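Reader: I am new to this structure and would like to learn how to read it feature by feature. Could you take me through it slowly, giving the general idea before each case?

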Amino acid sequence: MSYLEYAVKSTPSGFRKFLYMNWPLTLLLISVASAGFLMLYSVAGGSWTPWAEPQMERFGLGLAVMFIVALVPIWFWRNMSVLAYLISIALLVFVEFFGTVGMGAQRWIDLGFMRLQPSEVMKVALVMVLAAYYDWLPSHKTSRPLWVLIPVILVLIPTFFVLKQPDLGTSILLLAAGGGLMFLAGVHWAYFAAVIAAVVGLIATVFNSRGTDWQLLKDYQFRRIDTFLDPSTDPLGAGYHITQSKIALGSGGWNGRGFMQGTQSRLNFLPEKHTDFIFTTLAEEFGFVGGITLLTLYALILVFCLVTALSTKDRFSSLVTLGIALNFFLFFAVNMSMVMGLAPVVGVPLPMVSYGGSAMLVLMAAFGIVQSAHIHRPR
Amino acid sequence: MKQRKPKAQGLAYKRLPRRALILGGLQAAFIGGLAARMRFMQVEQADEYRLLAEENRINIRLIPPTRGRIYDRNGEIIGQNSPSYRIVMVREDAGDVDQVIAKLSELIPLTSDEIERAKAEMRRSAPFLPVTLADQVTWADISKVAVNAPALPGVIPEVGQTRQYPRYEDFAHVVGYVGPVSDYDLSQIADPEPVLRIPRFQIGKVGLEAKQEGALRGKAGAKRVEVNATGRVMRELDRQEGEAGADLQLSVDADLQQYAQARLAGESAAAVVIDCETGDLRAISSAPSFDPNLFVRGISVADYRALTQDNYRPLANKSVQGTYPPGSTFKMITAMAALEAGVVGPSNTVYCPGHLKVGSRRFHCWKRGGHGTVDLNLSLKRSCDVYYYDVALRTGIDKISEMARIFGLGVKHDIPMSAVAAGLAPNQEWKERVHGQSWLTGDTANASIGQGFMLASPLQLAVMTARIATGRAVKPRLVRSVNGVEQPSGAGEPLAVSPTNLEFIRKAMFAVSNDRGGTAYRSRIIADDLRMAGKTGTSQVRNITKAERAAGVIRNEDLPWERRDHALFVSFAPYDNPKFAVAVVVEHGGGGSKAAAPVARDIMLQALYNGTPPLEAYPVADREKIKEQQKRLEGDRRPKARPTEKDRA
């Protein structure tokens, strides 16, 4: 009896699948999304419109998508990986020529009922294709240079298109997620050490070249980097947002200022308070307690993903689950670092909480794959 | 569903859980870092950030205090705050700004300058901030705007407060005026109160308004408002009311002041009425005057030029700022100094041949033929100059100068008005110091009749006369009470002179205006219990050459105005129980007995009767003329509502 035959036999079928879903994970996702509804209600000045209500509808849709994806066996998704990747690349190329310009970048395809952000889709598709690749690749070839080069190219192609939009934040997330997946797949650590050393060396060289006769970047480019790294050098421009964000967060104190009592968000001192900076409003109104609660919910989502990944014997399931969890982590970690003034402002939303349709739908679909891996795991 | 073979569990497969845990560990560490950062910001630094958030949202707006009002001694209002109307516009409520302004200018007069300025300001400021379209708008125009409000979105009539002086010219020199704080004003103050930076805030510029700014201004209140990121006021959090400025009550009697101004009209002159007991200044007038309301509004160039180019100098406050050679009104001081020094007794005589030779120079008496034998009484009554040359030379300038100070000449009196002059009572040391020359006997002769270096303001002459009348060091008092709190009276200690000697002087002054042949006999008061004692003065503003004297001194009427003599008169009444002292100076008025004494008499009677005096108080011969004059002044004195610049346009 082959391994999979055994696996299929022990896999639940029909509606019994619902019972075998990762319900704690589902409940955590609903909790986080609910926190989002509450904050969107608050930043709208105590109104379900214009943000909270559409967000709830989208979450409902997202939940349905997650269930549907979850019920489909995981090997179907594995087989779809390459196709998903190719479609995502096509969408990125399409958006390059026909996308809707928003916030100074070409990011969306307007589908009429929603705006599709191909880079969001690509985050999941990349994880899928890399997981499928390493599932297919015989183990002993994992660290061979040629077989390392293929996934690197798979990562760099979408990164290039996203960077061209330009969306630096997402392209860094793509690089990190791709690198993370290769690390999980067991690529030899020396490759990572070499890349990290090369990047550090390059950055050091570029910065050392400043003011010398072999300067590698123009002066204005250096100045732009300065502002990017330290917004306080431009207090009325880029620095204004981050300063106001820190004030809002810090003024929350232990307990926060109370629901809908946050002065920074209510009086419009906060920028983008319903999207990228929504965590600031939460931290202002619910304080340290509220912030830690959300952070804990996020951490628990990661923990349940890790448990799922380690409890399955299917390599694709493990890798795709961990990859999606890593993506999710990068999302909220970068966002929170940004609003706390630890990282430059790079326009990454807070997952499941920030207002925004396509990001949430794609994320719910991704968690559908995690659920599918959980339901259909070989026991 | 495609079946697949289980794969060999290679090295990479074994690595997965380990790598997953490593990555998980890194993630956990990062999450821990985020939590620590959050704790640091929200727990340790919470207070700092809370403060910053409060600074962000809370603005403190000042509430300008209501300026204290100014009353006369009887509670008549002299300086008040009246509503001023202006029209402001809020851009975001107006919609089409140009169209609304066009509609508005059909209703009320708006100059294209005003419109341009307002539009420029609107472009600069936030859309919700009101911008002034028209200031100092009449009530009629405000009503028009209010009635048409539905057609004028964003246009709001606003009521503010502005200073107003209902007595117009009468108190221009006493009270002064207020105006908006200028950059120059701010530069003069070391640590300006924030209230001064409120647009259109008014502060005292000259006169009492400036000198009593501290009392009149009050304390600004403050309100704390919550603003949003664009500065729009969301709500008022709390307010702390300010303290209104103190109301001042002056010692001046507005009706008497008005009479004095009217009586002086047509001349360049000053008159001061002082209460002999308390030092209360009942009137301090300077003519011609100006309308202080013009300055509050911002005076037009044409109006200002008219004021500065007038020969009679309407902007100068002649009663306290103007100093004049006191002329013969100084003779009381010379006489007192001589009596106190013991160089002459009241019955000692001096022979006046019409001149006195001092050194090589001849000092003339005003009467060419001389007065013959004169004693103290006669010398004052006839105002013989030679008598004073003689006694002064025997007394010495230092004693005369000291006597002048005792009576308040050459001393700066402390009253809250602008540019109060100290005058000059010179002595030897002064000339040495200032001119670097030694004092000559001729200087003493000049000083003895109030000429030469001697200078006094009408206020000082009034104080001098009051001190002669009471023998006490009366000090002038302008502010009677502040917020109902009585200010110290100006009543003073007895002067350090012999009362008997002073009595001789008073008697002689009585003779001046009550004995036939006295220089002010024609301006006497008939009423028995109110009779007046006085002294005329005529001070030269030019030198009379030997040649002119030989040919006969040119009469004042034949000289150009600015070369004529100043006419002075000082007096007190009633003689038996002095109540008021009056000093009058008519610039280039000619002789004191002709030009100044009648004015002083009229003002004195007005003060004594506290209103229009009966004709019986005047000498029979003058009554017809006085009756006419009273009728004329009565007409002049009705308060006139003056048209504003805008009304005229």
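Author: Let us begin with exposure, where buried stands for under 20% relative accessible area, exposed for over 50% and partly exposed for what is in between, computed with a 1.4 Å probe on protein chains only. B:Glu429 is partly exposed, since its relative accessible area is 45%, whereas B:Arg433 is exposed, with a relative accessible area of 56%. This is a predicted model, in which local features need pLDDT of at least 70 and side-chain atom pairs count only at pLDDT 80 or more, while totals for chains, interfaces and linings use all residues. Side-chain values use heavy atoms, with hydrogens and water left out, residues are numbered from 1 along each chain as its sequence is written, and chains are lettered from A and ligands numbered from 1 in the order in which they are written.

Reader: Which residue forms a salt bridge with B:Arg433?

Author: A salt bridge is a side-chain nitrogen of Lys or Arg within 4 Å of a carboxyl oxygen of Asp or Glu. The partner of B:Arg433 is B:Glu429, and their closest N and O atoms are 2.9 Å apart. Both residues belong to helix 18 (residues 428-434) of chain B, where they stand four residues apart, about one turn of the helix; helices here are DSSP runs of H or I with at least four residues, strands are runs of E with at least two, and both are numbered from the N terminus.

Reader: How many salt bridges does the structure hold over all chains, and which parts does the pair B:Lys331 and B:Asp385 tie together?

Author: Over all chains there are 42 salt bridges. In the one between B:Lys331 and B:Asp385, the closest N and O atoms are 2.6 Å apart. B:Lys331 lies in helix 14 (residues 331-341) of chain B and B:Asp385 in helix 16 (residues 385-395) of chain B, so the pair ties together parts that are 54 residues apart in sequence. Both B:Lys331 and B:Asp385 are buried. Elsewhere, a network of salt bridges links A:Arg257, A:Arg266, B:Glu54, B:Arg57, B:Glu226 and B:Arg235.

Reader: Which residues of helix 6 of chain B are buried, and which are exposed?

Author: Helix 6 (residues 139-147) of chain B has B:Asp141, B:Ile142 and B:Val145 buried. Seen down the helix axis, these buried residues fall within an arc of 100°, so they line one face of helix 6; the arc is taken from the directions from the axis to the C-beta atoms. B:Trp139 and B:Val147 are exposed on the other side of the helix. The buried residues pack against strand 3 (77-90), helix 4 (97-107), strand 4 (130-137) and strand 5 (155-164) of chain B, where contact means heavy atoms within 4.5 Å.

Reader: Where is B:Thr444 found, and what is it in contact with?

Author: B:Thr444 is found in helix 19 (residues 441-448) of chain B and is buried, with a relative accessible area of 6%. Once neighbours within four places in sequence are left aside, B:Thr444 is in contact with B:Ala392, B:Leu393, B:Ile397 and B:Trp439.

Reader: How far apart do the C-alpha centres of the two domains of chain B lie?

Author: Domain bounds come from an automatic or database domain assignment, which for chain B gives domain 1 (84-91 + 100-161) and domain 2 (254-637). Their C-alpha centres lie 55 Å apart.
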